[in-house]
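Hi everyone, thanks for coming. Today I'd like to walk you through one structure, step by step, so please have a look at it with me.

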Amino acid sequence: MIFETKKIPIETLGEYLTHIRESLGLSVAKVAENTGIGDKFLQYIEAGSYHRLPPDVYVFGFLKKMAEIYSISPDILLEQYKKERGIVEQLASEKIATKNGVKSWFAKMVVTPKLISLFGGIGLSFIAVFYIVFQVSAINKTPGLQITQPVAGVVIRDSVVTVTGQTDPGTAVAINGQNVFVDTEGKFSTTLGVSAGQKELSVTAQNKYGKTIVQKVAVIVDTSTSDTGTAQSPAPDSKQLSMEIKFTRPTTITVTQDGVDLPQEDIPADGVKHIDAKSAVILKTSDAGGTVVTVNGKNLGPLGRTHESLTVPFTADNSLLTQPTKY
C-alpha cells in the first residue's frame, strides 16, 4: 500500500479526520467495522474529547489503524495528537489549579492521627493565646463608672444627698471613703448626709485586679431656705444629730431621717454609713449585733444581739424616743 503524504491544515486533528472520512464517503460505523475501534472512541477523537479516551498507548493504535484506512501517514496523526493532547492537559491543569486552590490541596490531603494531633495542637494553642490576651486585657482594663445622680453643680436644699450610678458587676464602690453596696448588675445607690456649702463627692470604683477609677462631683448645699423660699433661722438651742454606723456583717437597714423614709440599703461587711439629721433618726437593722452606732461622738456599741432585727430611734440629745422594737 502506498501512503500519500498530506499536510494537516490549521484545523484540529478531529476536524481533519472528520474531513478525510467524509471525503471518502465513510461513516463512523463503517470505520469502526473496518478498524475494530469502538464508535465512541472514534467520535471522541473527532470531537477532540481527549480526556475521555483510554491511555495514549491505545490511542496511538487507533490512529495508526485510521491512517491505514484513510491512506495517510500515521506519523502526521501521532504528532498532531501529541501536540493537541499536551495543550489540553496544560489548560485543564491551569483551570483546576485556579478553581480549586486550597480546596484541591485539602482534597489530596490524607487525614492521619498525626495530622489530627497537629491541628488539635494548633487549635489549643490558639485558644490559649486568646485566653491569655483576654486575661491581660481584663487585668489592665479600668472599671467603668457612671454617676447618674446628682449632676455637677446642682443645688441641694436638704441635709442629705442621694448618689446613684452604674459600674461593672463585681466592682467595689466607695463614696467619700464610705463603702456602697453594688448589685449584680453593677448598680449602686446610697444616701449621704451633707452640711451647708460647696461639697465634693468623690466616687471610687475598684475592680478585683486593683484597677481604680475616681470621679468627683461638686454640689452646692443650701439649707437656709424652705420650699417656699422663706429664710429659716435655727433655734438658738437646737441640736444636730450626727451618726456613724459601722457594720461587722452584711446587714439590711432602713432609715427615717427627720420624718423622711430613705430607700432600703444592703450594707456589706465592714461597711460604714454616716447620717446627719436636724432632730431625729429611726434606724431599722436586720442584725443589731453587727450594727455599731456612734451618735455625736458617743459610741453606743452594738444595738442588740447577733442577727436580731430591731427598730431604734435616736434624737439629738442621744436619748431614745422609745425602747428598741423587734420586727
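**A walk through the sheet, the cores and a pocket**

Let's begin with a pair of strands: E2 and strand E8, residues 212-221, run parallel to each other and are joined over two bridges. Before I go on, please keep in mind that this is a predicted model.

Which residues make those two bridges?

One example to find on your screen is Lys-199, whose bridge partner in E8 is Val-219. E7 and E8 make a hairpin, with five residues between them. Look at Gly-210 in that turn: its phi is positive, about 85 degrees.

If pairing is new to you, here is the background: strands of a sheet pair through backbone hydrogen bonds, and they can do so in a parallel or an antiparallel way.

Next, the nonpolar cores. The largest one has 22 residues, and Leu-17, Leu-63, Met-66 and Leu-77 have the most contacts inside it. Five helices each supply at least two of its residues: H1 (13-23), H2 (28-35), H3 (39-47), H4 (56-70) and H5 (74-100). Which of them gives the largest share? That is H4, with six residues.

Let's zoom in on Leu-17. Setting aside neighbours within four places in sequence, Leu-17 is in contact with Ile-45, Glu-46, Leu-63, Met-66, Tyr-70 and Leu-77. There is also a second, separate core of 20 residues, and it includes Leu-241, Met-243, Ala-277 and Val-293.

My last stop is the second largest pocket, which holds about 180 Å³ of space. How many residues line this pocket? There are 11, and Asp-168, Pro-169, Thr-171, Asn-207 and Tyr-209 lie nearest its centre. Sorted by class, the lining of this pocket has four nonpolar, four polar and three charged residues.

Note on methods: Residues are numbered from 1 along each chain as its sequence is written. This is a predicted model: local features need pLDDT of at least 70, side-chain atom pairs count only at pLDDT 80 or more; totals for chains, interfaces and linings use all residues. Side-chain values use heavy atoms; hydrogens and water are left out. A nonpolar core is a set of buried Ala, Val, Leu, Ile, Met, Phe, Trp, Tyr and Cys residues joined through side-chain atoms within 4.5 Å. Buried means under 20% relative accessible area, exposed over 50%, partly exposed in between (1.4 Å probe, protein chains only). Helices (H or I, at least four residues) and strands (E, at least two) are DSSP runs, numbered from the N terminus. Contact means heavy atoms within 4.5 Å. On a 1 Å grid over the protein atoms alone, a cavity is a set of points where a 1.4 Å probe fits but cannot get out, and a pocket is an open set with protein on both sides within 12 Å along at least five of seven lines; lining residues have an atom within 4 Å of a point. Grid points are joined across faces, edges and corners, and a volume is the space filled by probe spheres set on the points. Ala, Val, Leu, Ile, Met, Phe, Trp, Tyr, Cys and Pro count as nonpolar, Asp, Glu, Lys and Arg as charged, and the others, Gly among them, as polar. Two strands pair if DSSP finds at least two bridges between them.
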